[in-house]
Amino acid sequence: MKILQREWREEKLLAWAFGGLWIFITAFLWSPSRDGVEAVYALAFFIPMLMLLPWRKPEFNQYGGWFSTSALAYGGWCCITSLWGSDTGFFILQWLILATWLLGSAWVLQKKSLDWEKFLRWLLLLGAVTAAMNIAVFYWSHPLAARLEGVSIARAPTLVGQIYGVIVLIGILLSWRTDCFKCALFLSLACIPALVALGLSQSRGPLLSLVMVLILGFIWLRPGWKIVLVQCFAGILALCALFFIFPLEELLLERGASFRDQIWLDVIAQMRTQPGAFLMGIGMAGSTDILTSIGVYHHAHNAWLDIFYRTGIVGLGLAAVHLILLLWSVHRRPQMAPLTLWLVYGCGCLLVDSRSLFWEIDAKWWLYWVPAALLSAQLSRALVPTAVSATTKQ
């Protein structure tokens, strides 16, 4: 029987997981809830990988090499800190989910090549459609001055800005990579719904992160001036429209830092009262509430500070090792710019929002673990002799 043949089983599971991987990634744009994204992940990727990975011989570079190892070391330390935190079983499950994602995506992309340019274009178009639908549904029953909230996994306005900031970034980077001006113009126009969603979310963190990453991308990629000038002119018009609809003093002055500065100071002050917390952290726990002088918040509103607070300098160091390994490995690979700058943009967003990176699947996966896994898969692919790197377009 074919089902007893290892090669036949792996071929079928590979086809299942390859399609499931991309369904899972796009689910961050169309799934109606976080639970929906988790269900998609379980059915489309987690199950086939559990049916395959435990029964294969471990091959270091084929499963992400040091990139996966460093990421799972950070996740493992988070599990250890839960011993003086709480809910150890929950974090062991999250480690298994993360390990399956990192190792599985690396293996799948080693075995099956992908036209990255085509995939990113489809992601851009899907993002444009979902952004337009989100805007229409929300403002059907809300005034235009209201901050745009999501109808998908990105419920809060800040999450809307983060999610669609990635779509804008991908579209602009794709327009910089083509020699056809009409194609570049079309790709730029496709960014408009996502850019409008970002603006209507009134999320300053994602907007600032997007601007800084585009400046970095411009220096790195050196695109043609013609399309850049058109985009800059359109961006200035969009900013003028934004400030006409939303008074400048309300956007930049009245909301201030949204209490983030005080939250950060209170978190550091709490750590000073527990000297051991600087090294080991207070421990990961199922409840992430932080009591501050201005109220109770669900997290530190800075993922890196939250990592430091919960897992100490050890956890922050392990997370930094993973990030530095990835960025150092791609700094001379401009062909990987979309994924690299997607990750950098996500890191910028996480400076002013989110809890620890080691958590259940939510919007932060779209900002960090999705681009990190795709990058590590591509980098590891070049180290595997059997990988047909030339067939993969980046």
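Predicted model: local features only at pLDDT ≥ 70, side-chain atom pairs only at ≥ 80, totals over all residues.
Thr311 has a relative accessibility of 0% and counts as buried, where buried means under 20% relative accessible area, exposed over 50% and partly exposed in between, with a 1.4 Å probe and protein chains only. Residues are numbered from 1 along each chain as its sequence is written, and side-chain values use heavy atoms, with hydrogens and water left out.

Back to Thr311. This residue sits in helix H14; helices (H or I, at least four residues) and strands (E, at least two) are DSSP runs, numbered from the N terminus. What does Thr311 touch, leaving aside its neighbours within four places in sequence? Its contacts, meaning heavy atoms within 4.5 Å, are Trp77, Cys78, Thr81, Leu279, Met280, Gly281, Met284 and Leu316.

Now helix H9. It covers residues 204-221, and at 1.5 Å a residue its 18 residues should span 26 Å; the expected span is 1.5 Å times one less than the number of residues. The end C-alpha atoms of H9 are 25 Å apart, which agrees.

Which residues of H9 are buried? They are Pro206, Ser209, Leu210, Val213, Leu214 and Gly217. Seen down the axis of H9, these fall within an arc of 135°, so they line one face of the helix; the arc is that of the directions from the helix axis to the C-beta atoms. As background, an α-helix has 3.6 residues a turn, so residues three or four places apart point the same way. The cover over the buried residues of H9 includes helix H6 (157-176), helix H8 (192-200) and helix H15 (337-350). On the face turned away from the buried side, H9 carries the exposed residues Leu208, Met212 and Ile219.

Last, two backbone angles. Most residues other than glycine have a negative phi. Just after H9, Arg222 takes a positive phi of about 50°. Arg222 lies in the loop between H9 and helix H10 (225-245), and is exposed, with a relative accessible area of 72%.

His301 also has a positive phi, near 55°. Its place is the loop between strand S2 (295-297) and helix H14 (303-330). Is His301 buried or exposed? At 15% relative accessibility, His301 counts as buried.
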